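This report goes through the aromatic contacts of the protein, then its overall build.

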Amino acid sequence: MEQRVLGRTGRKVSVVGLGTWQLGADWGEVREEDALAVLDAAVAEGVTLFDTADVYGDGRSEQLIGRYLRERPDAGIFVATKMGRRVAQVPENYVLDNFRAWNDRSRANLGVDTLDLVQLHCPPTAVYSSDAVFDALDTLVEEQRIAAYAVSVETCEEALTAIARPGVASVQIILNALRLKPLEQVLPAAAEAGVGIIARVPLASGLLSGRYTKDTVFPADDHRTYNRHGEAFDQGETFSGVDYATGLEAAAEFAALAPEGATPAQTALRWIIQQPGVTTVIPGARSVEQAHANAEAAALPPLPQSTLDAVRDLYDRSIRAQVHHRW
């Protein structure tokens, strides 16, 4: 699989990584043996980046990855984790002592001395403008607790503020065929600054897979049930903030753009991979089959300009007015 340098980390990672939120919580139950099988299937396809967070399953996702790293030390995996969402979301909690404590927990969960990459996990907007926060992150690097740091953001404005920070290695942002705003300023600014882009929620919480209908029922412990209107965390994390009924209609139209031999989900991933400035995309997978299919998107030929134009037209007609002003 193609490998690209992840911004200021200097490390190469696969263009399709693996998001592991679903292996911890909030997507229904995943058994441990199934989770480890998903990790192994991704690696077999050439995936070299796992994205996780200390809050996914309150550490379960990190612990599963840690077990896999012990069992497969030869796999060459780059682990990007996140911190900050296990406490009240106020800027006052983003201080060095807390960073060290959160860092210690993640290192123990993952079984490593130095974390490859730690991302601030969608912190309050004021955090991005705090010199003290980034001084503290620099201290973690100096102490060799982390090799590099980054941010995971909700809005394009937050991304642009972070990109201007000289120590930020990468920015993780929602980007998919129903969320095009990052293409306008964020991706060009990141490319110019040498900052990596990790694209998350690439299938709009599964909408762009084309597998759901108005009658689909998600489990009660699935965020696609309990967070549709932002009840638990930012609404943009669930279906990219798009109303479910609107999203279904757009997804059906998108599915018709899939080239022969590719699924709608693979087409959605291929669309992201070829956006200038993107380093890697991190779809989740709850089964071995999904892990294989997601990774295979990297081998698809580039989508033609006619398809790219059709995606833009779909967004402008159906989605833009609903989400563009917020994120």
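The structure, a predicted model, holds 12 aromatic pairs. One of them joins Trp21 and Phe233 in an edge-to-face arrangement. Trp21 has a relative accessible area of 15%, which is under the 20% cut-off, so Trp21 counts as buried.

Another edge-to-face pair is that of Tyr94 and Phe99. Its two residues are both buried. The geometry of the two pairs is set out below.

| Pair | Centre to centre | Angle between planes |
|---|---|---|
| Trp21 and Phe233 | 5.8 Å | 65° |
| Tyr94 and Phe99 | 6.3 Å | 80° |

Planes over 60 degrees apart count as edge-to-face, and the 80° between the rings of Tyr94 and Phe99 therefore places that pair in this class. Trp21 and Phe233 also belong to one aromatic cluster together with Tyr56 and Tyr226.

As for the overall build, the protein contains 11 helices and 10 strands. Along the principal axes, the C-alpha atoms fill a box of roughly 50 × 40 × 40 Å.

Of the 327 residues, 55% count as buried. Among contacts between residues at least 6 apart in sequence, 76% join residues at least 24 apart. The accessible surface comes to about 12,800 Å², and carbon and sulfur atoms account for 50% of that surface.

Technical notes. Residues are numbered from 1 along each chain as its sequence is written. This is a predicted model: local features need pLDDT of at least 70, side-chain atom pairs count only at pLDDT 80 or more; totals for chains, interfaces and linings use all residues. Side-chain values use heavy atoms; hydrogens and water are left out. Helices (H or I, at least four residues) and strands (E, at least two) are DSSP runs, numbered from the N terminus. Buried means under 20% relative accessible area, exposed over 50%, partly exposed in between (1.4 Å probe, protein chains only). Contact means heavy atoms within 4.5 Å. Accessible areas come from the Shrake-Rupley method with a 1.4 Å probe; for residues, only the protein chains shown count as cover. Rings of Phe, Tyr and Trp (its six-membered ring) pair if their centres lie within 6.5 Å; planes under 30 degrees apart count as stacked, over 60 as edge-to-face and the rest as tilted.
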